[in-house]
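Hi there,

Here is the structure we talked about, ready for you to open. Have a look at it first, and then read on for what turned up.

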Amino acid sequence: MADQALNTFRSKLGSYWNRATKFAQSWPGLTSGALGLVAALGFPPVHAWWVALPALALWVAHLRSAASWKGALWIGWTFGWAHLTLANNWIATAFTYQSDMPETLGWAAVPLLCVYLAVYPAFAAMVTHLLAKRSGVPAFGAVLASAWIVTEWLRSWVFTGYPWPPLGLMLLGGWETPGWARYLPWLGTYALSGLAIWLATMLIWAVISNQQSRGRLAAAFVGTFAIIAGPMFLRVWSFEHTDINYTLVQPLIPQDELNDGSKFEEQFQRTAGLTSKNSDQSRLVLWPESAVPDYLEDGYPQRYYTRMTAGADPDFARRRIGMVIGPQSTLLAGVVNLNIGTSTDGIPRALSARNSVIAMNGEGAITDHYAKAHLVPYGEYLPLESVLGAIGLSRLTSGTIPYIPGPGPETLDLGEHGKAGVQICYEIVFSGQVVDRENRPDYLFNPSNDGWFGAWGPPQHLAQARMRAIEEGLPVLRSTTTGISAVIDAKGLVVQHVPSGEAGALHGQIPEARAPTLFSKLGNALPLMWAGLLAFLGLVGPRLLALRQPRS
C-alpha cells in the first residue's frame, strides 16, 4: 500500500510538473515575471531567502529552455522588471509626501524606471543563451553568474547608476549573522549576486540530475539546500571597540513635518534634548540628514535666513549648536548649502544647492564639510527628464533650486574623534564607491532621511549599509530622521539600533575597523575578476574536460 501511494504521488507530481512546463513554454514572460516577484521576497523586510532562491533556480531552468536569443531576452527582461518593481516599491510611497503631482503617479514611476533597469538582467540572459545554450547546467550557471556580475556592475554607474537592490542582498543574514555576505571581503557585492545565481543553479542541478534514482535525487536536493542554508545561520563575534565615544541621534521628524517652517524650532529642540546626555564628554555627535533646519554658512542674501529657527543670524545658529553638543564634542550633521551667484536680473540668489554634511566643533565653528555625490533619482533629480517631465513628473524634494553632486568619497580628519568617511543617505548603496582609498577612514557615517521610504525602504537601506561594512571592513554609523538608525560593526553585525517610528539616542564607543580587506584594496576590479573566472570555467572548462576524456 505504501509503495502504491508513493507511486501515485510521484505520478501526480510528474503530471503537475509537465503541466507547469507546458504553461511556462506557452507563457514565458508571465512565468518569468511571477518568478521575479517571488525572488524579490528574498530582500528585506520579508527576507524569505528560502523562497527566493528556489524561485531563482526555477528561473535559471526556465531561461535554459529558451528557444532563441529573443526568447532569452524576454525571459530576462520580464524577470528583472517584476523583480525590481516590487523591490523598489518604496519609491512610490515617496510620492505621498509631496503636493505637486498626483500620488498615483508614484505607482507609474516605479514600473517606468524598472523598464530601463530590467535591461541589465535581460542582457545577461541573452548573452548566456548565446554563449552557453548547449552547455551543461553547471557551465550554463557559471556563464549566467558571470554575465550577471558584469551587468549589475554596469547598472551601478551607467547614466549615474542605480544599483538598488543587488541580487546578492538576499544572501545577507539577520542582524546577528552576515550569512553568505561574510564572503564579501573576498567577492564584492556584484560577485555575491553571481554567487546567488550559482547557488540557484546548484539547486536546479540537484533536481534534474540523478533522475534514475529517486533516493539519490532527494538526497542531492536536501544536501544542496543544507549547504546553501548553513551559512545563513552561522554567527560571528562582534569586534572590540575604539576609545572614541559617540552619541547618535534619531529625532523622529516625520516626513510630512520636515519642511514645515512652523515646526522647525520644535524639531531642533527635540534633537537637542536627545543630544544633551554626556555633553561634558569628548565625543562624536551624529545627527541625520535634514537634521538642521538653519542655513549655517555666512554670505547668503538675508532673505534665505529669515524663515529658519535661529532667525536671521547664522553665527547665532552655529553657536547654539555648539552649546548643545558640548565643548569637547565634534558634530557631524546633515545640512543644505547654497551656491550663490548673480542671475540675469542682477539679483544675488541661490543658483544651486548641495546636500551636505558639516563637521562642527564645540565652539560652533564649521571645520569641514562633505557634499553628496550620488543624488537620489526622483528625489533630488528627475531621471529621463525629457520623457518623464512630459507626463507631469517632477522631483520630490521641495523648492526649485537644482541640486548638484559633490566630487565623491572624502575622508574628514576629526582629530581625536578619528577619520570619518561620509556617505549621505542613498550613497551607501554604491559598492566600491564609498571610501577614499588613498585616505582610508576609521569608520563610515551614513546620515539619512528614510521618512519617505515606506515599509520596504528602511530595512533594505540598513541591509545595504551592512554590506558596505563587511566588504570594506569598516564600522558604519547610521543616523536617520525616523529610523532605522544603527551602529554596525565591521563584520556587518548590528550592535545597537533605534527602531523605525521612535525617537532615541545611542551612546557607546565606535567599533574597531578590520585590517584593509581584499575588496577595499581592489574595489570592483575584484568582482570583475570573478566574472572572468566564471566565464572561463563555463566556456572553456567543459572543453578542457572533454579533451581529457579517453576516446573509446
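Let me start with Gln267, which you will find in helix α12, spanning residues 264-275. Please keep in mind throughout that this is a predicted model. Gln267 counts as buried because its relative accessible area is 3%, and buried means under 20%. Leaving out residues up to four places away in sequence, Gln267 touches Ile253, Glu257 and Leu258.

Which way does α12 run relative to helix α13? The two helices, α13 being residues 314-325, pack at an angle of about 30° with their axes 9 Å apart. Angles under 35 degrees count as roughly parallel, so α12 is roughly parallel to α13. On the α12 side, the residues that meet α13 are Glu265, Phe268, Gln269, Ala272 and Thr275, and on the α13 side they are Arg320, Ile321, Val324 and Ile325. By class, this contact has five nonpolar, two polar and two charged residues.

Most residues other than glycine have a negative phi, and most peptide bonds are trans. Leu252, in the loop between β1 (241-250) and α12, has a positive phi of about 60° although it is not a glycine. Asn278, in the loop between α12 and β2 (283-286), is not a glycine either, and has a positive phi of about 70°.

Now to another part of the chain. The axes of α3 (49-64) and helix α10 (residues 189-208) come within 8 Å and cross at roughly 75°. That makes α3 roughly perpendicular to α10. From α3, the contact draws on Leu53, Pro54, Leu56, Ala57, Leu58, Trp59, Val60 and Ala61, while α10 brings Ala196, Ile197, Ala200, Thr201, Leu203 and Ile204. Sorted by class, the contact of α3 with α10 has 13 nonpolar, one polar and no charged residues.

The loop between α2 (28-39) and α3 holds Val46 and also Pro45. The peptide bond from Pro44 to Pro45 is cis, with omega near 5°. Val46 is partly exposed, at a relative accessible area of 39%. Setting aside neighbours within four places in sequence, Val46 is in contact with Leu41 and Trp456. Val46 and Gln460 are 414 residues apart in sequence, yet their C-alpha atoms are 9.9 Å apart in space.

**Aromatic rings**

How many aromatic pairs does the structure hold? There are 19 aromatic pairs. One of them is formed by Trp59 and Trp148, edge-to-face, with 6.0 Å centre to centre and 80° between the planes. This pair links distant parts of the chain: Trp59 is in helix α3 and Trp148 is in helix α8 (residues 137-155), 89 residues apart. Trp59 counts as buried, at 0% relative accessibility, and so does Trp148, at 5%.

Trp90 and Trp164 form another aromatic pair, a tilted one, at 4.6 Å centre to centre and 40° between the planes. Trp90 lies in helix α5 (residues 90-94) and Trp164 in the loop between α8 and α9 (184-187), so this pair ties together parts that are 74 residues apart in sequence. Both Trp90 and Trp164 are buried, and together with Trp452 and Phe453 they form one aromatic cluster. The peptide bond from Trp164 to Pro165 is cis too, with omega near -15°, and Pro165 sits in the loop between α8 and α9.

**The chain as a whole**

Finally, the overall picture. The protein chain has 18 helices and 12 strands. Of its 552 residues, 54% are buried. Among contacts between residues at least 6 apart in sequence, 70% join residues at least 24 apart.

Key
Residues are numbered from 1 along each chain as its sequence is written. This is a predicted model: local features need pLDDT of at least 70, side-chain atom pairs count only at pLDDT 80 or more; totals for chains, interfaces and linings use all residues. Side-chain values use heavy atoms; hydrogens and water are left out. Helices (H or I, at least four residues) and strands (E, at least two) are DSSP runs, numbered from the N terminus. Buried means under 20% relative accessible area, exposed over 50%, partly exposed in between (1.4 Å probe, protein chains only). Contact means heavy atoms within 4.5 Å. Rings of Phe, Tyr and Trp (its six-membered ring) pair if their centres lie within 6.5 Å; planes under 30 degrees apart count as stacked, over 60 as edge-to-face and the rest as tilted. Axes are lines fitted to C-alpha atoms, for helices over the stretch in contact, and angles run from 0 to 180 degrees between N-to-C directions. Angles under 35 degrees count as roughly parallel, over 145 as roughly antiparallel, 65 to 115 as roughly perpendicular and the rest as oblique. Ala, Val, Leu, Ile, Met, Phe, Trp, Tyr, Cys and Pro count as nonpolar, Asp, Glu, Lys and Arg as charged, and the others, Gly among them, as polar.
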